[in-house]
Amino acid sequence: MSFSVTVPATTGNLGPGFDCLGAALSIYNCFEFTLADEFKINATGNGADKVAKNKSNLVYQSLEKLYDKIDRRRPIVQINIQTEVPLARGLGSSATAIIGGLMGGNLLAGAPLSTSEILQLAVEIEGHPDNVAPAMLGGCQLATTTKTNAWDYCAIAWHKKIAIALAIPDFELPTAKARQVLPKQVNLKDAIFNASHLALLTQALTQGKGELLEIALQDKLHQPYRQSLIPHMEEVQKAAAQAGAYGSVISGAGPTLLALGAPEQIEAIASAMVNTWQGLGVHAVKKVVAIAHQGTTHQEI
């Protein structure tokens with residue numbers, strides 16, 4: 001019995017949507033799960049040499065969590081991982097591993113858990129929903145809690161006039177380190193600022209209005225504190241704006257920077273960001289990506 005699970009990269013926060021808003025991107029990790037006589041993990045692709053090949057691997061740990069949840073004996077598996085999403089760059093590589101492991105385990109078990117149950121377990125593992133929700137469901141997802149503290153999700157329509165450019169530097173920034181610089185408390189004015197800008201952002205994305213995005217992408221809860229961890233962030237953002245970007249933000253916890261702009265300008269925006277970083281001594285690569293509307297997919301192999 002073998003299954004293949006394909007999970008898209010994600011960008012979390014999108015400026016003011018700290019820990020609650022994220023979007024799936026057209027970069028993918030693929031995981032193959034096979035019942036086997038002995039445990040084994042193989043990895044190929046971008047950053048494959050850094051993927052753990054033992055039971056500390058997050059894909060396998062997530063699979064174990066699912067079997068613990070359904071109270072069944074853990075199977076012996078071989079997992080083949082094809083990585084395209086760069087590690088520790090703010091593009092949801094850990095979310096792909098968590099969703100991949102949970103989905104693979106669920107399929108091998110005969111699919112006893114629903115999508116919502118898998119997502120609830122994924123949030124418990126990840127700690128926040130802004131990456132795992134779009135990784136699973138696709139598109140742009142706003143996460144919130146219900147009166148019973150369960151997670152619920154609202155899809156935010158992403159207008160076709162809004163294109164996405166990524167500038168991915170060659171240094172890592174672990175999420176744990178990016179969270180250490182955040183304050184334990186924020187003042188009321190900053191909370192109100194983010195609430196109003198997040199509301200505006202959902203409308204700007206849906207209506208495809210660049211002039212609103214320029215305002216809506218501003219944030220006061222996490223980016224001002226994380227900027228010190230990303231060399232020359234201000235210069236790269238300025239270059240994006242000069243090339244025509246509506247605005248730019250830290251992707252997830254960083255260090256990747258994401259810019260939004262018109263489709264006809266997005267290649268130039270991506271080039272301007274990367275060229276600026278390179279000129280300041282930071283090697284980086286550019287990617288122009290689309291929203292991955294389908295989310296996680298699977299097939300029997």
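In this predicted model, helix H1 (residues 58–69) and helix H2 meet with their axes within 7 Å of each other, and the two axes cross at roughly 45 degrees. H1 and H2 are therefore oblique to each other, and the crossing of H1 past H2 is right-handed. On the H1 side, the residues taking part are Leu 58, Val 59, Ser 62, Leu 63, Leu 66 and Tyr 67, and they meet Ser 94, Ala 97, Ile 98, Gly 101, Leu 102, Gly 105, Asn 106 and Leu 108 in H2. Sorted by class, this contact of H1 with H2 holds nine nonpolar, five polar and no charged residues.

Helix H2 (residues 93–108) also packs against helix H3 (residues 115–126). Here the axes come within 10 Å and cross at roughly 140 degrees. H2 and H3 are therefore oblique to each other, since only angles over 145 degrees would count as roughly antiparallel. As H2 passes H3, the crossing is right-handed. H2 contributes Ser 94, Ala 95, Ile 98, Ile 99, Leu 102, Met 103 and Asn 106 to the contact, while H3 contributes Ile 118, Leu 119, Leu 121, Ala 122, Ile 125 and Glu 126. By class, the contact of H2 with H3 has ten nonpolar, two polar and one charged residues. Readers tracing H2 in the structure can find Ser 94, Ile 98, Leu 102 and Asn 106 in the contact with H1 and again in the contact with H3.

Attention now turns to the cysteines. A search of the whole structure finds zero disulfides. Cys 140 takes part in no disulfide, and the nearest cysteine sulfur, which belongs to Cys 154, lies 9.4 Å away. A disulfide would need the two sulfur atoms to be within 2.5 Å. Cys 140 is buried, with a relative accessible area of 2%. Cys 154 is likewise in no disulfide, its nearest cysteine sulfur being that of Cys 140 at 9.4 Å. Cys 154 is partly exposed, with a relative accessible area of 42%.

Several loop residues also deserve a look. Glu 38 sits in the loop between strand S2 (21–35) and strand S3 (40–45). Its relative accessibility is 58%, so Glu 38 counts as exposed. Although Glu 38 and Val 77 are 39 residues apart along the chain, their C-alpha atoms are separated by 6.8 Å.

Most residues other than glycine have a negative phi, and most peptide bonds are trans. Ala 88, which is not a glycine, has a positive phi of about 50 degrees. Ala 88 lies in the loop between strand S4 (77–83) and H2, and at 23% relative accessibility it counts as partly exposed. His 232, also not a glycine, has a positive phi of about 65 degrees. His 232 is placed in the loop between helix H8 (223–226) and helix H9 (233–242), and its relative accessibility of 29% makes it partly exposed. Finally, the peptide bond from Gly 254 to Pro 255 is cis, with omega near 10 degrees. Pro 255 belongs to the loop between strand S8 (247–250) and strand S9 (257–261).

Terms used. Residues are numbered from 1 along each chain as its sequence is written. This is a predicted model: local features need pLDDT of at least 70, side-chain atom pairs count only at pLDDT 80 or more; totals for chains, interfaces and linings use all residues. Side-chain values use heavy atoms; hydrogens and water are left out. Axes are lines fitted to C-alpha atoms, for helices over the stretch in contact, and angles run from 0 to 180 degrees between N-to-C directions. Helices (H or I, at least four residues) and strands (E, at least two) are DSSP runs, numbered from the N terminus. Angles under 35 degrees count as roughly parallel, over 145 as roughly antiparallel, 65 to 115 as roughly perpendicular and the rest as oblique. A crossing is left-handed if the near helix is turned anticlockwise from the far one by less than a right angle, and right-handed if clockwise. Contact means heavy atoms within 4.5 Å. Ala, Val, Leu, Ile, Met, Phe, Trp, Tyr, Cys and Pro count as nonpolar, Asp, Glu, Lys and Arg as charged, and the others, Gly among them, as polar. Buried means under 20% relative accessible area, exposed over 50%, partly exposed in between (1.4 Å probe, protein chains only).
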